[in-house]
Amino acid sequence: MGIGKIVSAENHFDPLKNSQEDEKVPEEAFLVLGGMIFPIESKVFTIGRNLDNNLVLNDPTVSRFHAEIRYIDSQFLLVDINSSSGTFLNNKKISIGQLFAGDIIQISHTPIMFMYKGASLMDGSQKHTRNLKNFDETNLTNQNDL
């Protein structure tokens, strides 16, 4: 079953449940915060103010259990856990969003970069620029001639 697949109401599909129990988290995924690296070593990586989180943010505006990064069906997902101030992904408030290399997670006043070893920052930006694939300088020149 893939993310977002619709099934009947009796057999409700939950995209946050891992359908591949034996799937392992890639060892090279990590977060960058203030020049420090935090490896993502489990299928559920928690972020919040409480000391039980994988990444603890000492900020009173961060919820005790604010957000999670979940590894499901070979994808990393950022999930807001009903936080009071919200979770932002690339400046957009989300309840759930797919993570790509170079994405910026914003929790309260704290920006956190999601990365993985071997990825280029361009990997994530391609999802934002795929509509520009056919753009070239002749398009620009033709516009200036008008």
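Visitor: Leaving aside its neighbours within four places in sequence, which residues is I40 in contact with?
Guide: This is a predicted model, in which local features need pLDDT of at least 70 and side-chain atom pairs count only at pLDDT 80 or more, while totals for chains, interfaces and linings use all residues. Residues are numbered from 1 along each chain as its sequence is written, and side-chain values use heavy atoms, with hydrogens and water left out. Contact means heavy atoms within 4.5 Å. On that basis the partners of I40 are V25, P26, A29, F30, L31, F45, I69, F76 and F114.

Visitor: Which residues of the largest nonpolar core touch the most other members?
Guide: A nonpolar core is a set of buried Ala, Val, Leu, Ile, Met, Phe, Trp, Tyr and Cys residues joined through side-chain atoms within 4.5 Å. Buried means under 20% relative accessible area, exposed over 50%, and partly exposed in between (1.4 Å probe, protein chains only). Of the 23 residues in this core, those with the most partners inside it are L31, I40, L55, I69, F76 and I105.

Visitor: Which elements give two or more residues to this core?
Guide: Elements are DSSP runs numbered from the N terminus: helices are H or I with at least four residues, strands E with at least two. Two or more core residues come from each of β1 (29–33), β3 (44–48), β5 (67–72), β6 (75–80), β10 (104–107) and β11 (110–116).

Visitor: How many helices and strands does the chain have?
Guide: The order from the N terminus is β-β-β-β-β-β-β-β-β-β-β-α-α. The secondary structure therefore comes to two helices and eleven strands.

Visitor: Is A29 buried or exposed?
Guide: A29 is found in strand β1. Not counting residues up to four places away in sequence, A29 touches P39, I40, F76, M115 and Y116. With a relative accessibility of 1%, A29 counts as buried.

Visitor: What is the C-alpha to C-alpha distance between A29 and F76?
Guide: F76 is among the residues that A29 touches. The two are 47 residues apart in sequence, and their C-alpha atoms are separated by 9.2 Å.

Visitor: How many aromatic pairs are there?
Guide: Rings of Phe, Tyr and Trp (its six-membered ring) pair if their centres lie within 6.5 Å; planes under 30 degrees apart count as stacked, over 60 as edge-to-face and the rest as tilted. By this rule the count is three.

Visitor: What angle separates the ring planes of F76 and F114?
Guide: The rings of F76 and F114 have centres 5.2 Å apart, and their pair is tilted because the planes meet at 55°. This pair links F76 in strand β6 with F114 in strand β11, 38 residues apart. F76 and F114 are both buried. The angle asked for is 55°.

Visitor: What is the centre-to-centre distance of Y71 and F76?
Guide: Y71 and F76 are both buried. They form a tilted pair, with 50° between the planes and a centre-to-centre distance of 4.6 Å.

Visitor: Which residues form one aromatic cluster?
Guide: F76 pairs with Y71, and F76 also pairs with F114. The cluster consists of Y71, F76, F114 and Y116.

Visitor: How much space lies in the largest pocket?
Guide: On a 1 Å grid over the protein atoms alone, a pocket is an open set of points where a 1.4 Å probe fits, with protein on both sides within 12 Å along at least five of seven lines; lining residues have an atom within 4 Å of a point. Grid points are joined across faces, edges and corners, and a volume is the space filled by probe spheres set on the points. The lining includes A29, Y71, F76 and Y116. The space in the largest pocket is about 180 Å³.

Visitor: Is T110 buried or exposed?
Guide: T110 is placed in strand β11. Beyond residues up to four places away in sequence, T110 touches L33, L57 and I105. Its relative accessibility is 15%, so T110 counts as buried.

Visitor: Where is D73 found?
Guide: D73 has a positive phi of about 50° although it is not a glycine. D73 has a relative accessible area of 14% and is therefore buried. Its place is the loop between β5 and β6.

Visitor: Is S74 buried or exposed?
Guide: S74 lies in the loop between β5 and β6, and its phi is positive, near 65°. At 52% relative accessibility, S74 counts as exposed.
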